[in-house]
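Hi everyone, thanks for coming. Let's look at this one together, and please have the sequence and the picture open while I talk.

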Amino acid sequence: MDAGLDASSLKVSENAKFYVGHEPEAEKCYRTPAKTLRQACILRQPAMTMHRTLLRHVAAKSMSLPRPMKASNTCIACANEISLQRFSSTLKRHNRPLPNQMSLTSRYQSSKFSTSTICQAISTLNMNDFDDDSDFVPTKHKKQTATKQATLEEESSAFFDPSISAPEQIQQYRDYHEKIRYSNDPNDHECFLRMYRSIADDPTLLSQLQPKDFMTALNSTRDLLHVIPRMQRILQDVAKTSHRHIPEIYHILLKAYTKLSDFRNSMILLERMEKSGIVFNHFTYHIMLSICKHERSLGRARQLLEEMRDRKVPVTGSTYLLMLSVCAACKNPRMAREFFDEMPLIGLEADVSHYNALMNSYVHAKDLEGAQRVYRDMREEGIVPDSYTYAALCKILTAKHRTSEAVAMVERMQKKGLKPNARILMALKLTPQEVQATCEKNGVELSLSDYNMLISASLRQNKFQHMQELVMTMTEKGLRPDAITFTVMVDANLKMGKYAEAKEIFRAMELANIQPDVVAYSALISGALSQSKVLESLEILKTMLSDGLLPNLLTFNSLLSSSVGEIDINGFKMIRETMDALRIRPDQRSFNALLSAYALQGDMDQVMHTLQDMKRSRVAPDALTYSILISGFLQNGDLRYSMEWYYKMLESGMAPATLVVNNLMAALHGSGEGQKVLLMWQEMGRRNIRKNEQSYEIALEACEKYDLQDARRDIEEEFKDFLAKQSIIEELMAAKQQK
């Protein structure tokens with residue numbers, strides 16, 4: 001297997017070359033008559049027209065994973081060669097051994113870059129390297145763990161009566177749990193679960209188990225593979241006892257669903273609990289509010305809060321913290337402020353977490369003044385800001401191009417003896433490498449979540465080598481990669497077109513006894529479809545279902561987007577019907593993928609039907625939707641409808657992309673509408689739509705063909721200025737690369 005990051009391993013399909021700046025066929029597309037364009041698309045000829053290119057492009061834009069490589073002035077081969085040279089020099093300087101004393105150089109001896117070596121690194125670590133009491137674990141993490149343990153002990157005392165004598169087998173089961181309850185070794189928990197199963201299969205012993213016994217068994221499965229089927233089987237045992245109406249037992253499964261991003265199954269379980277007569281308490285509602293946060297459903301969260309009040313369920317500070325978090329996720333600072341102001345009216349005191357959540361609502365809404373007002377309120381009330389406060393302020397300041405103020409604030413923070421952590425440094429727009437180096441220099445220990453944040457940022461910046469270095473550093477420091485780490489590495493391979501290695505990482509996750517979540521499965525399904533492996537994607541979906549997980553909107557968006565041009569119309573109808581059956585509401589990305597697929601196949605009746613479906617679902621069209629419609633009708637030779645949708649797009653206040661306008665000008669030019677070409681050209685200037693070389697070429701050719709000499713002189717002068725600016729930009733980019 002070729003694991004190196006070289007030009008040969010970065011396979012780019014013919015239909016996706018425009019992602020990296022290779023678009024030879026599309027450059028000359030405007031010279032082709034509209035009738036020929038339509039025939040070329042219908043017959044699926046190898047030459048890609050600009051209209052078909054745009055539809056492919058918007059399909060890729062609507063999918064979450066894998067993302068295409070960003071366009072660059074440097075070709076793939078050159079970029080990879082530069083990257084390999086840098087990575088080789090880094091390896092020469094890096095000689096720190098891993099926990100099993102194997103050097104990094106020996107790990108890389110078979111490849112210059114390979115995420116598969118991460119699997120090898122992980123497999124060499126034993127569970128002692130992952131001990132929570134390791135010196136590498138930050139002090140803050142230890143305090144949080146101790147608090148969590150104390151909370152568990154308080155909860156367990158309410159579900160265990162020590163005065164009730166138990167048979168010897170059950171007592172051994174409890175003693176073994178006390179021995180391994182803080183262990184991170186999956187083998188310990190597997191052994192504990194086998195002891196539980198031997199008890200649960202005996203009806204006499206099963207009836208003597210107390211609620212705490214079931215809860216400890218459920219908690220032991222949380223970080224193991226096939227967690228959902230295991231928990232479901234334990235709950236089947238609970239249903240045979242008198243403890244079946246205790247909501248706290250079901251909360252463990254609800255939290256597992258939430259952790260795995262399976263919110264649909266969470267709602268199904270909640271419905272079952274309610275039908276079974278289980279009374280919801282404030283913990284149940286908090287889990288439901290957490291789901292609302294993930295799904296960005298503020299309306300549902302408000303309904304739940306009213307329901308809590310109607311049912312006399314205690315509303316606490318944690319309840320309002322969740323409501324503020326939902327408002328932040330929905331970018332609604334006005335509603336967040338209303339909930340925050342309600343707290344003192346009902347006798348609740350706000351702490352730093354509530355202020356941070358309120359500030360985040362302003363940050364997400366890009367409201368700098370609001371965020372600064374919250375910060376002033378904190379200081380006036382004597383609330384000491386923490387790292388999350390400073391990170392939020394840095395984020396909004398840099399977003400408003402006021403980085404110098406953010407840097408000055410961090411410097412003041414350092415003078416007070418506070419060291420900026422990874423979250424604050426990332427908010428300052430530092431690169432992952434700079435964040436890691438600064439933290440090491442300041443003696444700030446990175447946590448697992450910090451490493452995951454840096455790895456994800458490296459993925460977004462296409463810095464694949466640094467991703468691997470980060471994972472290796474994690475394993476050196478005894479931090480066990482979790483599902484997030486593995487999922488990001490799967491994404492990285494898919495982004496590079498390495499589907500085989502993505503599967504290898506996915507298998508390594510399972511071998512490490514880590515349960516893949518819905519996001520990981522969705523990524524792998526998308527990767528399989530991107531390689532035209534439709535049957536394999538269905539097998540992955542079956543495995544996902546066998547793990548007790550239901551596909552969510554992300555999964556279906558990946559299915560829809562990756563299937564554009566790969567399956568027929570009936571396949572898309574089946575996917576849409578399945579979404580309805582699972583009560584998954586499609587969003588803009590879902591409908592955009594459907595519209596792209598139907599337009600590519602020339603079924604404009606189905607396009608109009610999908611638009612009606614979109615209207616019924618109360619999903620508003622975005623700029624991508626209009627672009628698909630314009631290009632779709634152009635592809636099918638209907639210039640009149642394309643122009644109608646173009647003007648609807650302008651009326652809605654959205655500016656079309658350059659490629660869309662070029663398409664329309666090319667079609668008008670081919671239809672003998674020279675004056676209209678110039679009108680659209682002028683419209684680009686009035687609406688500040690960026691022009692490219694093709695825009696100028698189409699306009700100049702129209703002037704030449706229709707003898708529009710006055711307009712031609714002006715366009716030629718403007719074209720000269722454009723080329724001069726492009727030349728300067730290219731020189732600056734070349735100088736920057738050399739530096």
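Glu-536 has a relative accessibility of 24%, so it counts as partly exposed. Keep in mind as we go that this is a predicted model. Now, which residue forms a salt bridge with Glu-536? The partner is Lys-503, and the closest N and O atoms of the two are 3.0 Å apart. Lys-503 is partly exposed as well, because its relative accessibility is 26%, and that value falls between the 20% cut-off for buried and the 50% cut-off for exposed.

If you are new to this, here is the background: side chains of opposite charge can pair when their charged atoms come close.

Where do these two partners sit? Glu-536 is in helix α30, residues 534-546, while Lys-503 is in helix α28, residues 499-511, so their pairing ties together parts that are 33 residues apart in sequence. Salt bridges can also share partners, and that is how Arg-576, Asp-580, Asp-613 and Arg-616 come to be joined into one network.

How many salt bridges turn up in the whole structure? The search finds 26. One of them brings together the side chains of Arg-197 and Asp-237, at 3.0 Å from N to O. Arg-197 belongs to helix α9 (residues 186-200) and Asp-237 to helix α12 (residues 227-238), so here the pair ties together parts 40 residues apart in sequence. Are these two buried or exposed? Both Arg-197 and Asp-237 are buried.

Another salt bridge links the side chains of Glu-307 and Arg-311, with 3.6 Å from N to O. Glu-307 counts as partly exposed because its relative accessibility is 22%. Arg-311 is also partly exposed, at 44%.

Let's move on to charge on the surface. Arg-296, Lys-331, Lys-366, Lys-395, Lys-400 and Lys-429 gather there in a patch of positive charge. Take Lys-366 from that group: you will find it in the loop between α19 (352-364) and α20 (368-380). With 48% relative accessibility, Lys-366 counts as partly exposed.

Last stop: His-286, in helix α15, which covers residues 282-295. Why do we call His-286 buried? Because its relative accessible area is 12%, and buried means under 20%. What is His-286 in contact with, once we set aside its neighbours within four places in sequence? The answer is Thr-316, Ser-318, Thr-319 and Leu-322.

Definitions and conventions: Residues numbered from 1 in each chain as written. Predicted model: local features only at pLDDT ≥ 70, side-chain atom pairs only at ≥ 80, totals over all residues. Heavy atoms only, no water. Patch = residues over 30% accessible without salt bridge, like charges linked within 9 Å, V, L, I, M, F, W, Y side chains within 5 Å. Areas by Shrake-Rupley, 256 points an atom, 1.4 Å probe, with all protein chains shown as cover. Salt bridge = Lys/Arg side-chain N within 4 Å of Asp/Glu carboxyl O. Lys, Arg positive; Asp, Glu negative; His and termini not counted. Charge placed at Lys NZ, Arg CZ, Asp CG, Glu CD. Helix = DSSP H or I, 4+ residues; strand = E, 2+ residues; numbered from the N terminus. Buried < 20%, exposed > 50% of the residue type's maximum accessible area, 1.4 Å probe, protein only. Contact = heavy atoms within 4.5 Å.
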